[in-house]
Amino acid sequence: MVEIERHTIAVLVDNEPGVLARVIGLFSGRGYNIESLTVAEVDRANGLSRITIVTTGTPMIIEQIKAQLSRLVPVHKIRDLTDEGPFVEREMALIKIAGKGDARIESLRLADIFRARVVDSTTESFVFEMTGSSEKLNAFINLMEPLGLVEISRTGAVAISRGAASF
Amino acid sequence: MAAEPLSGADIVIKALVDQGVDVVFGYPGGAVLPIYDSLFKQNSLRHILVRHEQGAVHAAEGYARSTGRVGVVLVTSGPGATNAVTGLTDALMDSVPVVCLTGQVPTHLIGNDAFQEADTTGITRPCTKHNYLVKDVRELARMLHEAFYVAKSGRPGPVVVDLPKDVLFAPGPYTPPEEVRHKSYRPQLRPDPVRISQAVEMIARAKRPLFYGGGGLINSGPEACARFAELVRLTDAPCTLTLMGLGALPASDPHFLGMVGMHGTYEANLAMHGCDLMVAVGSRFDDRVTGRLNAFSPGSKKIHIDIDPSSINKNVRVDLPIIGDVGEALSAILAEGAASLHCADSAARSEWWRAIDKWRARDCLRYDRGRRDLIKPQYAIERLYEFTRDRDVYITTEVGQHQMWAAQFFKFDEPNRWMTSGGLGTMGYGLPAAMGVQIAHPEALVIDIAGEASVLMNIQEMSTIAQYRLPVKVFILNNQYMGMVRQWQELLHGGRYSESYTAALPDFVKLADAFGAVGRRVEDPAKLDDAIREMLDTHSAFILDVAVDPAENCFPMIPSGAAHNEMLLGPEDEAEKPVSEEGMVLV
Ligand SMILES: Cc1cc2nc3c(=O)[nH]c(=O)nc-3n(C[C@H](O)[C@H](O)[C@H](O)COP(=O)(O)OP(=O)(O)OC[C@H]3O[C@@H](n4cnc5c(N)ncnc54)[C@H](O)[C@@H]3O)c2cc1C
Ligand SMILES: Cc1ncc(C[n+]2csc(CCOP(=O)(O)OP(=O)(O)O)c2C)c(N)n1
Ligand SMILES: [Mg+2]
């Protein structure tokens with residue numbers, strides 16, 4: 001059995017129409033997995049956007065994914081953060097809890113432990129904002145499940161390498 | 001420099017001329033009328049009016065593949081663009097440089113389900129190397145020049161430029177090609193010198209080397225093919241070629257083992273199975289070539305020279321990847337290895353050649369030559385080859401058994417002489433491709449080796465051939481079946497020939513006549529030579545309908561899911577080696 005690996009890949013692209021469709025079409029057309037994908041412009045002067053993709057596959061598939069991405073014409077650079085040493089990966093989630101009574105109090109207590117912030121509250125709901133690793137978000141969400149969890153919105157992971165080196 | 005303002009349509013024409021384009025294959029419609037108007041007013045570009053947009057793209061492919069230049073297509077919005085999609089996909093799979101200009105509804109109507117609107121950039125995104133939607137006339141010239149640059153640089157491919165009608169009317173500035181530089185796209189051409197040294201060392205040390213050349217050699221050009229032949233001869237190593245690589249090494253060279261793969265020769269496939277070093281040069285380890293992957297050339301180290309990193313380690317793990325242009329890489333290997341490459345272990349090399357000669361002695365392409373009542377398709381191609389070998393000949397094919405027999409029995413001593421649809425396997429490719437080749441080489445002999453089923457898929461192009469008086473020859477191996485389908489049904493589906501027989505085929509002689517061409521039919525082997533002679537002596541378009549043995553199968557064959565050393569050599573093997581269950585699900 002070949003091992004399935006999880007990789008976080010950063011892609012610097014021209015911010016032009018259709019570029020995201022190209023990347024997503026590549027993944028769906030070739031049957032690659034996307035765990036998450038985020039995109040936003042990062043360099044207005046040069047019109048560059050950064051896409052962060054978390055994907056899984058065998059080492060040979062991961063290599064193909066990188067080769068296929070680099071072959072897209074508007075792609076400037078790609079970095080496999082997982083391969084290239086230590087990196088920081090963060091995700092943000094907005095989590096809505098509805099209910100009254102003990103569960104509500106308990107959710108607040110847990111949010112405190114997890115350092116989630118309350119960004120909206122009514123007498124029968126909270127919206128928590130939480131940033132951290134995807135695992136940490138998962139753990140928090142699991143705990144909220146029995147406490148009136150009604151809705152989740154997550155950004156997907158963004159990531160950057162540690163140290164002074166840049167893209 | 002204050003450029004004179006031109007209309008978008010004039011900019012299109014000017015950009016094409018500045019790119020050195022001399023021919024455009026196209027079909028008009030509402031959205032591209034401004035371009036047709038500009039075409040009307042100039043004399044530098046020739047427009048070839050096809051009869052179906054798919055034909056335009058294949059014609060451009062034939063033009064491109066036979067000249068090494070970019071083929072250009074012009075079609076209208078909506079159905080014009082969607083009709084071009086098969087051709088674009090074909091060009092993508094076979095790495096053919098094509099620029100296809102598509103009309104589009106005016107920018108303010110995009111997204112409105114306007115008349116003849118299609119999401120052309122959306123539809124063609126996965127079947128082009130790149131595409132553009134020009135929303136501003138100020139971007140037009142740049143995007144057009146970029147399209148040519150992208151189509152021909154690195155691994156070539158098709159590029160679509162979608163042109164909304166208002167942009168074609170709008171006045172705008174023109175930017176000449178010299179002033180356009182793509183922001184990011186710079187394929188690596190120069191190979192890493194360290195890897196070149198490693199390659200030289202591996203080749204010098206190999207006891208049983210094999211060169212496995214492909215379409216990348218044709219893409220790189222005749223120079224690269226010459227370097228390739230030089231290296232093969234210098235090392236005295238055997239060499240096989242893929243379907244797309246035929247002609248990269250002269251077929252008459254004694255080092256050539258014939259084509260590799262599913263319908264390749266016994267000697268080429270066994271050499272691939274048994275070599276200790278495989279040097280893949282511009283070839284991409286396609287499934288038609290490798291057979292069952294876990295049994296593919298188990299004892300060899302592999303060097304892979306390719307311009308596209310995504311071709312490397314895609315199907316087969318290689319030991320030494322070299323990214324770059326094959327021409328550059330081969331020159332570097334030759335320069336570095338001039339002294340060391342030919343002094344390889346000569347005893348081992350002779351032993352390797354002895355093994356190969358034994359495989360060659362199996363004469364795997366033999367067929368029943370004794371039939372007096374029926375024309376064997378292989379025989380028909382052998383005769384065609386004999387009559388044309390000394391002429392300036394270009395061959396295109398359709399898809400099926402006839403294509404494989406052409407690959408096996410027609411010998412190509414030069415690159416760019418063989419145009420076939422390999423990756424997509426598009427029936428209907430050959431006739432329009434021949435048309436494009438003939439436009440590029442008006443004096444040459446251009447023959448479409450066709451199947452009777454395939455040729456009907458773009459038969460309307462006979463009308464284009466008539467309009468431009470192109471002397472294209474159509475050599476139909478008429479077995480009344482979709483022979484390749486029938487062969488698979490025989491091997492895999494118990495001989496249940498479901499829908500693979502074509503009833504009510506047209507009378508190809510009358511069909512030729514209707515299109516202003518000459519048509520003949522030949523059924524008797526004794527009359528074949530005369531028929532071929534008449535075809536070659538006729539200065540107009542010609543359809544020769546050759547009635548061939550309807551039951552003949554194409555051998556050798558490595559059935560899907562089988563390994564190189566599990567090849568079927570002839571009908572006698574079919575029963576002995578039934579196709580495995582895993583093989584059944586493969587195509
Ligand atoms: C009915 C049928 C049967 C077939 N049977 C066979 C068969 O028996 N044997 C066979 O071989 N094929 C067969 N094919 C064709 C097969 O499907 C593939 O199209 C073919 O094998 C691919 O050829 P290739 O490896 O040369 O690659 P191509 O598709 O020609 O690709 C070229 C490669 O070279 C690279 N390249 C391009 N330009 C350069 C450059 N300048 N420098 C370096 N690299 C470059 C590209 O990146 C690519 O990897 C068959 C097709 C059909 C329709
Ligand atoms: C557009 C298209 N449709 C279907 C196929 C599947 N196919 C491959 S070969 C073949 C039969 C071709 O028949 P013919 O042109 O008579 O050639 P033969 O095999 O008989 O020489 C078919 C249907 C294809 N390759 N292309
Ligand atoms: Mg047929």
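A polar contact here is a pair of N or O atoms within 3.5 Å; within protein, one must be able to donate a hydrogen and the other to accept it, and residues adjacent in sequence count only if both atoms are side-chain atoms. Keep that in mind for B:G215, where a backbone N or O atom lies 2.7 Å from an oxygen atom of ligand 1.

A word on the ground rules. This is a predicted model, so local features need pLDDT of at least 70 and side-chain atom pairs count only at pLDDT 80 or more, while totals for chains, interfaces and linings use all residues. Residues are numbered from 1 along each chain as its sequence is written, chains are lettered from A and ligands numbered from 1 in the order in which they are written, and side-chain values use heavy atoms, with hydrogens and water left out.

Back to the ligand. B:T242 brings a polar side-chain atom to 2.7 Å from an oxygen atom of ligand 1, and a polar backbone atom of B:L243 sits 3.0 Å from a ligand oxygen. On its own, ligand 1 has 990 Å² of accessible area, and the protein covers 96% of it (Shrake-Rupley method, 1.4 Å probe). The shell holds 37 residues, counted when a heavy atom lies within 4 Å of the ligand; B:G215, B:T242, B:R284, B:D306 and B:S311 are the closest. Helix 10 of chain B gives the most to this shell, with four residues. By type, the shell splits into 12 nonpolar, 18 polar and seven charged residues, with Gly counted as polar.

Now for the place where the chains meet. Chain A puts in 17 residues and chain B 19, with contact meaning heavy atoms within 4.5 Å. About 1500 Å² is buried between them, and carbon and sulfur atoms give 50% of that; buried area is the accessible area (1.4 Å probe) that two parts lose on being put together, summed over both. On chain A's side, A:R22, A:M60 and A:V73 supply 42% of the area buried against chain B, more than any other three residues.

Three salt bridges link chain A and chain B, each a side-chain nitrogen of Lys or Arg within 4 Å of a carboxyl oxygen of Asp or Glu. One salt bridge joins the side chains of B:K183 and A:D14 at 3.1 Å, N to O. Helix 2 of chain A gives the most to chain A's side, with six residues.

Conventions: Helix = DSSP H or I, 4+ residues; strand = E, 2+ residues; numbered from the N terminus.
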